[in-house]
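Here's a quick walk through one chain, from its overall make-up down to a few side chains. Have the sequence and the coordinates open while you read.

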Amino acid sequence: DARRAAAERVLEEEAARLRQIEARIAQLDGGGDAELDDVLMRAEPARRILSVREVVDSFAVARGIIGELMRTLPAKLPRGVLANLVGIAHSPEFEPDAIDVELGFVLAGDPPLELPSLGKRTLQVRELPAVAHMAVCVRVGLPELAHLITGRVGRYVEAHGYRLAGPGREVF
């Protein structure tokens, strides 16, 4: 049973990787400027976050961390402390098998001085700096397809003479 479950997990991860590759191919083949209408430029205020940062092997591992955060933190922290879930991609380039990601929550209130444990992972409170001009776009769909929006934002940035400066943020 354990071997079967392990094989099913591997198949699930590989199927997700295949969907990601197919979506990237479709993105490269598609082109067009109409999609750039969905991208907006706006200021983003500084935000305090409670997060964990790790280099993970796949989106499946990142989803597991998100699940752990969502199960653990709301139950261990006072109500009203946590706001939106946030993911920050620190990798300068997209690497599907070595993803430098920070996952956590925007803080709406003050967390306790002693942070709850998250297994062997270390939680930290830090401030995301304000950004005067951030290209933003709404995405609906699986986390494995996030690169489609990243590509859309990148094309908008290039078409309008901006440049990327800093890690990508995804707010849920």
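A residue is called buried here if its relative accessible area is under 20%, exposed if over 50%, and partly exposed in between, using a 1.4 Å probe and protein chains only. This is a predicted model, so to speak of a local feature pLDDT must be at least 70, and side-chain atom pairs count only at pLDDT 80 or more, while totals for chains, interfaces and linings use all residues. Residues are numbered from 1 along each chain as its sequence is written, and side-chain values use heavy atoms, with hydrogens and water left out.

**The chain as a whole**

Of the chain's 172 residues, 34% count as buried. Its accessible surface is about 11,100 Å², and carbon and sulfur atoms own 55% of that; the areas come from the Shrake-Rupley method with a 1.4 Å probe, and for residues only the protein chains shown count as cover. Take the contacts (heavy atoms within 4.5 Å) between residues at least 6 apart in sequence: 78% of them join residues at least 24 apart.

There are three helices and seven strands, and from the N terminus they come in the order α-β-β-α-β-β-β-β-α-β. Both kinds of element are DSSP runs numbered from the N terminus: H or I over at least four residues for helices, E over at least two for strands.

**The sheet**

Five strands make an open, antiparallel sheet, ordered β5-β2-β4-β3-β7. At the edges sit β5 (124-128) and β7 (168-171), each with a single partner strand, so one side of each has no neighbour in the sheet. From one strand to the next the twist averages 35°. Strands count as paired if DSSP finds at least two bridges between them. Strand β2 has these two pairings:

| Pairing | Sense | Bridges |
|---|---|---|
| β2 with β4 | antiparallel | eight bridges |
| β2 with β5 | antiparallel | five bridges |

V56 bridges to I99 in β4, and E54 has V101 of β4 as its bridge partner. Towards β5, R48 stands opposite E127.

**Helix α2**

Which strands does α2 lie across? They are β2, β3 (82-89) and β4, and the helix runs at about 20° to β4. Axes here are lines fitted to C-alpha atoms, for helices over the stretch in contact, and angles run from 0 to 180 degrees between N-to-C directions.

The helix has 18 residues (59-76), and at 1.5 Å a residue it should span 26 Å, which agrees with the 26 Å between its end C-alpha atoms. That expected span is 1.5 Å times one less than the number of residues. The buried residues of α2 include F59, A62, I65, I66 and L69.

T72 also belongs to α2, and it counts as buried because its relative accessible area is 17%. Its side chain reaches the backbone oxygen of E68 at 2.8 Å. Leaving out residues up to four places away in sequence, T72 touches S117 and L118.

**Helix α3**

Helix α3 (residues 146-159) has 14 residues and reaches 20 Å from first C-alpha to last, close to the 20 Å expected. Its buried residues are A146, H147, I149, G151, R152, V153, Y156 and V157. After α3 comes G161, with a positive phi near 80°.

Technical notes: Polar contact = N/O pair within 3.5 Å; in protein donor to acceptor, adjacent residues only side chain to side chain.
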